[in-house]
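Here is a quick tour of a protein model, starting with the overall picture and moving on to a couple of helix pairs and the loops beside them.

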Amino acid sequence: MSRSNPTSSPLTPTDDALIAAIRNGDERALAHLYRLHWPMVSHFVLQNSGTDDDAQDVYQEGVVVFYEKVRDGSLELSCQIKTYLYAVCRRLWLKRLTSKSRFGVRLLDDEEHGPYLNTGAEEDLLAAEEQDRRFDTMSEALNHLGEPCRSLLEGFYLLDKSMQDLTAEFGYTNADNAKNQKYKCLVRLKKLFFTHYKEESI
């Protein structure tokens, strides 16, 4: 959670208000945040070989990382929001540039927004990338699972269908049989997930 001690917090009153509003689901606060720091990230990407479209992509990804950390209550800020977003977007753009270049990449930074290191953004971004990789792997595992397991698990876990509904839909004799089949499908899915996950980690 964000630190809000008025004697030690680096956050401004505006930062605290934005975080509180976003945590409460206020879409206007998120839109305000987006507009507030967009020029900073746009300028950074444009001066480092990027286009306006590149800047928008990177900024949207950075805001999503920030938003999800606020909403799940895991955000710990040791800097202002703009510094945090700058660090996240800087890391994202550096990753893109590095993937396109065979040579080392050196970024031009705005002194106004430094220092950008030790903000916690690096760890948060890595955690978000790892979560995305897990979701992608789970989706791939589901695709390899086959029927009726895929539809059964999607029905129960994603569509919130009851076991009674699934029993009728798949023609099981009773709910206990449907539960047993769901358990077997879940075991298969876990095996597929960890197989794919280990392969991607090598």
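Predicted model: local features only at pLDDT ≥ 70, side-chain atom pairs only at ≥ 80, totals over all residues.

A word on burial first: a residue is buried under 20% relative accessible area, exposed over 50% and partly exposed in between, using a 1.4 Å probe and protein chains only.

Residues are numbered from 1 along each chain as its sequence is written, and side-chain values use heavy atoms, with hydrogens and water left out.

**The whole chain**

The protein chain has eight helices and zero strands, where helices are DSSP runs of H or I with at least four residues, strands are E runs of at least two, and numbering starts from the N terminus. Along the sequence, the pattern reads α-α-α-α-α-α-α-α. Of the 202 residues in the protein chain, 35% count as buried. The chain exposes about 12300 Å², with carbon and sulfur atoms supplying 52% of it; such accessible areas come from the Shrake-Rupley method with a 1.4 Å probe, and for residues only the protein chains shown count as cover.

Contact here means heavy atoms within 4.5 Å. Among contacts in the protein chain between residues at least 6 apart in sequence, 67% join residues at least 24 apart.

**Helices α2 and α3**

Two packed helices are described by the angle between their axes and the distance between the axes. The axes are lines fitted to C-alpha atoms, for helices over the stretch in contact, and the angles run from 0 to 180 degrees between N-to-C directions. For α2 (residues 27-46) and α3 (residues 52-71), the axes come within 9 Å and cross at roughly 135°. That makes α2 oblique to α3, given that angles under 35 degrees count as roughly parallel, over 145 as roughly antiparallel, 65 to 115 as roughly perpendicular and the rest as oblique.

The crossing of α2 and α3 is right-handed; that is the label if the near helix is turned clockwise from the far one by less than a right angle, and left-handed is the label if anticlockwise. On the α2 side, the residues that meet α3 include Leu-33, Tyr-34, His-37 and Trp-38, and the α3 side includes Ala-55, Tyr-59, Val-63 and Phe-66. By class, the contact of α2 with α3 has twelve nonpolar, four polar and two charged residues. For that count, Ala, Val, Leu, Ile, Met, Phe, Trp, Tyr, Cys and Pro are nonpolar, Asp, Glu, Lys and Arg are charged, and the others, Gly among them, are polar.

Which residues does Tyr-59 contact, leaving aside its neighbours within four places in sequence? They are Leu-33, Tyr-34, His-37, Trp-38, Val-41, Leu-85 and Cys-89. Tyr-59 sits in helix α3 and counts as buried because its relative accessibility is 0%. Its C-alpha atom is 8.9 Å from that of Leu-92, which is 33 residues away along the chain.

His-37, in helix α2, counts as buried too, at 8% relative accessibility. Not counting residues up to four places away in sequence, His-37 touches Tyr-59, Ile-81, Lys-82 and Leu-85.

**Helices α6 and α7**

The axes of α6 (residues 149-158) and α7 (residues 163-170) come within 10 Å and cross at roughly 155°. That makes α6 roughly antiparallel to α7, and the crossing is right-handed. Ser-151, Leu-152, Gly-155 and Phe-156 in α6 meet Met-163, Leu-166 and Phe-170 in α7. By class, that contact has five nonpolar, two polar and no charged residues.

Gly-155 lies in helix α6 and is buried, with a relative accessible area of 0%. Leaving aside neighbours within four places in sequence, Gly-155 is in contact with Asp-160, Lys-161 and Leu-166.

**Loop details**

| Residue | Phi | Loop |
|---|---|---|
| Ser-49 | about 70° | between α2 and α3 |

Asp-160 is exposed, with a relative accessible area of 66%. Finally, a cis peptide bond joins Glu-147 and Pro-148, with omega at about 5°; Pro-148 is in the loop between α5 (121-145) and α6.
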